[in-house]
Amino acid sequence: MSTNEQLASSVCGDAAAHAEPADATTRQATLIEPLARPLSGAVRVPGDKSISHRSVLFSAMAEGTSHVSGVLDSADVRSSIGAVRALGAEVNLEKRPDGSLAGDIRGWGGLGPSQPEGAIDCGNSGTTVRLLMGVLAPWGITVELTGDDSLRRRPMRRIAAPLELMGARFAPEGATTLPLSITGTRGLAAISYDSPVASAQLKTAILLAGIFASGTTSVHEPAPSRNHTELMLPGFGVDVEAAPGEASVAGGQSLHACDVDVPGDPSSAAFMACAAALRPDSAIDIENVSLNEARIGFARVLERMGADIALKPTGSAGEEPCGTISVSYVEHLHSCEVVGREIASLVDEIPVLALVAAHAEGTTVFHEVGELRVKETDRLAAILEGLSKLGVRAWAEGDDLHIEGKPGLVVPEGLVFDSLGDHRLAMTWSLVGFTGAHPVSIRDFEAVRVSYPGFRADIERLAK
């Protein structure tokens with residue numbers, strides 16, 4: 001079987017692997033042992049997941065053949081690869097020695113996507129399905145979109161509603177979750193949309209549809225969200241007007257092939273950074289990471305908590321600034337407040353930042369984190385449950401998360417955490433074991449495959 005066939009066949013298998021079994025007691029638990037030594041040395045985390053998705057999807061939309069490199073090889077990104085292949089793009093990616101994917105993607109360009117033979121299964125990937133809605137809206141085909149049990153519980157109406165205003169149709173009418181079908185139209189109308197949430201997925205779906213609409217489409221957000229789309233589209237020949245919290249695109253444009261080099265994922269880097277902040281005597285460099293200001297909120301929070309963390313720019317990947325994140329252990333951390341306008345820049349890192357806050361002096365507050373309830377799992381509830389196992393007092397007041405830290409926190413013996421199939425939770429609770437004094441068990445630890453397949457190997461190598 002060729003590499004591309006393996007990638008294609010793995011999409012359905014990974015989606016099935018991330019479907020949540022009914023009985024938690026029957027799921028495999030992985031034992032995480034304390035690290036024998038401090039973390040030391042340099043590491044490169046996998047390619048950025050958000051940029052990897054966009055490199056695949058935008059290349060598929062473009063006229064001509066794009067070359068992509070540094071693409072994250074994970075279950076989520078394979079969902080995007082499988083989706084664009086089903087829609088007619090030619091994808092020829094091979095695995096590199098560093099574990100990334102690189103190669104060519106020939107897009108459908110002005111011909112538009114092909115009618116797929118069946119439903120497109122997006123596995124556990126919210127980015128895949130939500131961006132696909134914007135990709136499909138300008139074309140006269142009907143496509144059914146579905147996913148695993150977790151994805152079928154996540155909200156989709158926030159994406160469908162503005163696309164309906166532009167002229168796309170969804171069935172069942174008013175559907176809020178998957179599965180659903182989208183029927184596009186070549187007669188899309190531009191809109192000016194005031195988004196109720198700061199969401200890069202929502203913004204991107206609207207902008208991708210707006211490229212083919214009549215008039216200028218604009219999106220206004222209550223707070224700035226990730227801007228990878230605005231940075232990447234000009235490389236594909238699409239002019240985008242952007243400012244913090246605002247973006248617009250004129251209709252009548254088209255995408256043309258370009259080369260994309262994907263930098264390291266800041267969200268993955270955050271787990272390494274927090275591990276070094278928690279394990280005494282650690283000092284590490286995380287190299288070739290995107291230092292996009294919309295993605296490094298976690299570093300600013302760690303800095304305010306007293307962590308020894310430094311960001312050192314070294315260059316760029318396209319329009320994405322890149323560099324090294326250096327972190328060294330300090331004995332005393334203290335609490336801080338994280339306000340609502342910061343949340344979009346660190347929402348995926350809140351679980352691991354909450355674990356750091358559990359070790360800090362004082363009460364840390366994360367404001368306006370209601371979005372955590374509709375991630376791969378209810379991450380807010382999971383954080384509260386996990387911290388309670390550590391004997392840490394934590395509570396929610398409305399959409400605010402409060403954590404009363406315990407400096408010198410001693411982890412109880414025999415703890416078992418449930419990742420609930422959520423990659424961010426799997427990595428967060430594993431740090432309890434890696435950086436503590438006693439082993440812990442993690443149910444569904446293999447969920448890390450969604451974003452960081454080599455996470456355990458990398459962290460253990462840094463401790464040798």
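Arg158, Ile159, Pro162, Leu163 and Met166 of helix H5 meet Gln201, Leu202, Ala205, Ile206, Ala209 and Gly210 of helix H6. By class, this contact of H5 with H6 comprises eight nonpolar, two polar and one charged residues. H5 covers residues 157-166 and H6 covers residues 200-210; their axes come within 9 Å and cross at roughly 20 degrees. Because angles under 35 degrees count as roughly parallel, H5 is roughly parallel to H6. The crossing of H5 and H6 is right-handed. The model described here is predicted.

## Overall form of the chain

The protein chain contains 13 helices and 23 strands. Its C-alpha trace spans about 60 × 50 × 45 Å along the principal axes. For 464 residues, a compact globule would have a radius of gyration near 23 Å, and the 21 Å of the protein chain agrees with this. Of the 464 residues, 58% count as buried. Among contacts between residues at least 6 apart in sequence, 76% join residues at least 24 apart.

## Helix H2 and its two partners

Helix H2 (residues 49-61) packs with helix H3 (residues 75-86) at an angle of about 5 degrees, and their axes are 9 Å apart. H2 is therefore roughly parallel to H3. On the H2 side the contact is made by Lys49, Ser52, His53, Val56, Leu57 and Ala60, and on the H3 side by Asp76, Val77, Ser80, Ile81 and Val84. Six nonpolar, three polar and two charged residues make up the contact of H2 with H3.

Helix H4 (residues 126-136) also packs with H2: the two axes come within 11 Å and cross at roughly 25 degrees. H2 and H4 are therefore roughly parallel to each other, and their crossing is right-handed. His53, Arg54, Leu57 and Met61 of H2 make this contact with Thr127, Thr128, Leu131, Leu132 and Val135 of H4. The residues involved divide into five nonpolar, three polar and one charged. His53 and Leu57 of H2 take part in the contact with H3 and also in the contact with H4.

An α-helix has 3.6 residues a turn, so residues three or four places apart point the same way.

H4 is mostly covered, with 11 of its 11 residues buried. Among these buried residues are Arg130, Met133 and Leu136, together with the glycines Gly126 and Gly134.

## Helix H9

In helix H9 (residues 297-304), the residues Gly297, Phe298, Ala299, Val301 and Leu302 are buried. Glycine 306 follows H9 and has a positive phi, near 100 degrees.

## Backbone features

Most residues other than glycine have a negative phi, and most peptide bonds are trans. The table lists residues that depart from these patterns.

| Feature | Residue(s) | Angle |
|---|---|---|
| cis peptide bond | alanine 171 to proline 172 | omega near -5 degrees |
| cis peptide bond | leucine 178 and proline 179 | omega about 0 degrees |
| positive phi | asparagine 288 | phi about 55 degrees |
| positive phi | leucine 420 | phi near 60 degrees |

Proline 172 lies in the loop between strand S8 (169-171) and strand S9 (180-183). Proline 179 is also placed in the loop between S8 and S9.

Asparagine 288 is located in strand S15 (residues 283-290). With a relative accessible area of 32%, asparagine 288 is partly exposed. Leucine 420 is found in the loop between S22 and H12, and leucine 420 is partly exposed, with a relative accessible area of 27%.

## Serine 419

Serine 419 is placed in the loop between strand S22 (416-418) and helix H12 (423-435). Its relative accessibility is 0%, so serine 419 counts as buried. Not counting residues up to four places away in sequence, serine 419 touches Leu425, Ala426, Ile442, Arg443, Asp444, Phe445 and Ala447. The C-alpha atoms of serine 419 and valine 448 are separated by 9.5 Å, the two residues being 29 residues apart along the chain.

Methods: Residues are numbered from 1 along each chain as its sequence is written. This is a predicted model: local features need pLDDT of at least 70, side-chain atom pairs count only at pLDDT 80 or more; totals for chains, interfaces and linings use all residues. Side-chain values use heavy atoms; hydrogens and water are left out. Axes are lines fitted to C-alpha atoms, for helices over the stretch in contact, and angles run from 0 to 180 degrees between N-to-C directions. Helices (H or I, at least four residues) and strands (E, at least two) are DSSP runs, numbered from the N terminus. Angles under 35 degrees count as roughly parallel, over 145 as roughly antiparallel, 65 to 115 as roughly perpendicular and the rest as oblique. A crossing is left-handed if the near helix is turned anticlockwise from the far one by less than a right angle, and right-handed if clockwise. Contact means heavy atoms within 4.5 Å. Ala, Val, Leu, Ile, Met, Phe, Trp, Tyr, Cys and Pro count as nonpolar, Asp, Glu, Lys and Arg as charged, and the others, Gly among them, as polar. The radius of gyration is taken over C-alpha atoms; the globule rule is 2.2 Å times the number of residues to the power 0.38. Buried means under 20% relative accessible area, exposed over 50%, partly exposed in between (1.4 Å probe, protein chains only).
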